[in-house]
Amino acid sequence: MAAVHFHNVTLGYDRHPAVHHLNGEVAPGALVAVIGPNGAGKSTLLRGIVGILRPLDGSIHLGGLDSRDIAYLPQSAEIDRSFPISVYDFVGTGLWRDAGLFGGIGKAAREKILRAIASVGLNGFENRPIGTLSGGQMQRVLFARVLLQDARLIVLDEPFNAIDSKTTTDLLALVKHWHGEGRTVLAALHDMEMVRNHFSETLVLARGPVAWGPTAEVLTPENLMVAMRMCEAFDDSATACAEGGRSRAA
Amino acid sequence: MVYDALIGPFTEFEFMRRALAAVIALSLAGAPIGVFLMLRRMSLVGDAMAHAILPGAAVGFLLSGLNLFAMTAGGLIAGFAVAILAGVVARSTGLKEDASLATFYLASLALGVTIVSIKGTNIDLLHVLFGNILAMDDQTLLVVAFNATVTLLVLAVIYRPLVIESVDPLFLRTVSRAGGPAHLAFLALVVINLVNGFQALGTLLAVGLMILPAGIARFWSRDLTVMICIAVIAAAISGYAGLVLSFQTRVPSGPAIILVATVLYIVSVLFGRVGGIVRQLFPGRHLEA
């Protein structure tokens, strides 16, 4: 049973597709890089997987996982960093699945939070408000929360953007650790070198799928050129897609 | 002498004791709500909603005179109606929520004043606009206390999702469906507390005992829990001092309370530990690390 199964998925905004007719599946425990130029639909695809964006057409099946089994790391711009919350409390929100509205945070849970903070290298930062952290430190905090979520499917949206190489190395090690634990990891990435060296499977996306398979076979200059060209096709006056199922029938 | 000025009014007069009880109830419930309004950048939304309550309260007034119970019920209905309508308009059109709220609040204020003027006198109008905490009867005091209790209970229930939704709404959406209901419950609490404040401070100042203490607290702490405590204390102090001031100088009670809060606010802006002006001008020597 696949961890993620795309069945002719079209995702987009306002009827304009950002990801067009994607088919395929992600095996459980796979470590998949999603690459493509800006505007290729990487973020859109990830939003579709975690369920905050509903497909315009087709469907995404998560082989028996529900939203609580997914940890999603969006691009951090959506977080209100001025909110007065400490690193400890912020990371602690990752325990939502266990604690929910009223569940107590017991001794074991508190230790889990501290361990998560320690394993991203932020010992001593527990009581700092998140507003005082640097970009790299904030990203470490977000990884600590993902760690705490203990999810079977982990979805990372450009997790290493604007992050220095030390932090990237540390966090990448964490990603590989998750992979080693048998979790399924999907990450939108820009750094081809990193993809080549650390990710076994790659999806080259350019609104539609350009290529998908073992990284060594997929990550070719030709595919990347194709991706570049395919991305420039947004048309305000586009007509309804002939392959479209649901929208055409309506 | 000091006793006569600061405590005497409350031992001597029952209406002062009621007013003090009311103002403390308002502080306990309203200030935490104000802190969340501020942190969610909804301070002006609270203000707009306060005006939205007016026509409802005015209709209550029209039907049963200066009966606070009827005015409360009317205010609640109108507040919820406008909150929902503004939300719907903002969500179903391109109009931003603040613009749609501004429209609603101006219309509501005009409508409310018109309705009160049709039947009432200028004194009634003043009462509606600025409240009269010194005229609390038992029934009204109970309503205020009840609303405050409900507010604190509901706030306890929605506290976690409300905090997470404020700091990282996207995260909450991926792990839970509690965000939407928590937001709605919060809006309901805003309306309830505005109606509460309306009794004491009137429609124009009701939001004052929520937002000003929150603004004060912002200058003294970076911790949400501490912030809420400071806001409650600041509100209670403003209420108490405002009542004393009003008693001794015959300044109307509502404005007196808000003026005291304003003074505390100015002091906080100047001397606050977190981002106060003096602190910024004279930060002291920089630290080792």
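## A walk through the predicted model

Start in chain B and select helix 8 (residues 138-167) together with helix 10 (residues 179-205): their axes come within 9 Å and cross at roughly 155°. Because angles over 145 degrees count as roughly antiparallel, helix 8 of chain B is roughly antiparallel to helix 10 of chain B. Keep in mind as you go that this is a predicted model. Turn the view and you can follow helix 8 of chain B past helix 10 of chain B in a left-handed crossing.

Now show side chains. On helix 8 of chain B, the residues that meet helix 10 include Thr140(B), Val144(B), Val154(B), Ile158(B) and Glu165(B). On the facing side, helix 10 of chain B contributes, among others, Gly179(B), Phe186(B), Leu189(B), Ile192(B) and Gln199(B).

Next, select both chains. Where do they touch? The contact takes 19 residues from chain A and 20 residues from chain B. On the chain A side, pick strand 5 (70-73) and helix 3 (96-99), the elements that give two or more residues to it. This side of chain A divides into 13 nonpolar, two polar and four charged residues.

Nine residues from domain 1 of chain A and seven residues from domain 2 of chain A form the contact. On the domain 1 side, look for five nonpolar, one polar and three charged residues.

Conventions
Residues numbered from 1 in each chain as written. Chains lettered and ligands numbered in written order. Predicted model: local features only at pLDDT ≥ 70, side-chain atom pairs only at ≥ 80, totals over all residues. Contact = placed C-beta atoms within 7 Å. Helix = DSSP H or I, 4+ residues; strand = E, 2+ residues; numbered from the N terminus. Nonpolar A, V, L, I, M, F, W, Y, C, P; charged D, E, K, R; others polar. Axes fitted to C-alpha atoms, helices over the stretch in contact; angles between N-to-C directions. Parallel < 35°, antiparallel > 145°, perpendicular 65-115°, else oblique. Left-handed = near helix turned anticlockwise from the far one by under 90°.
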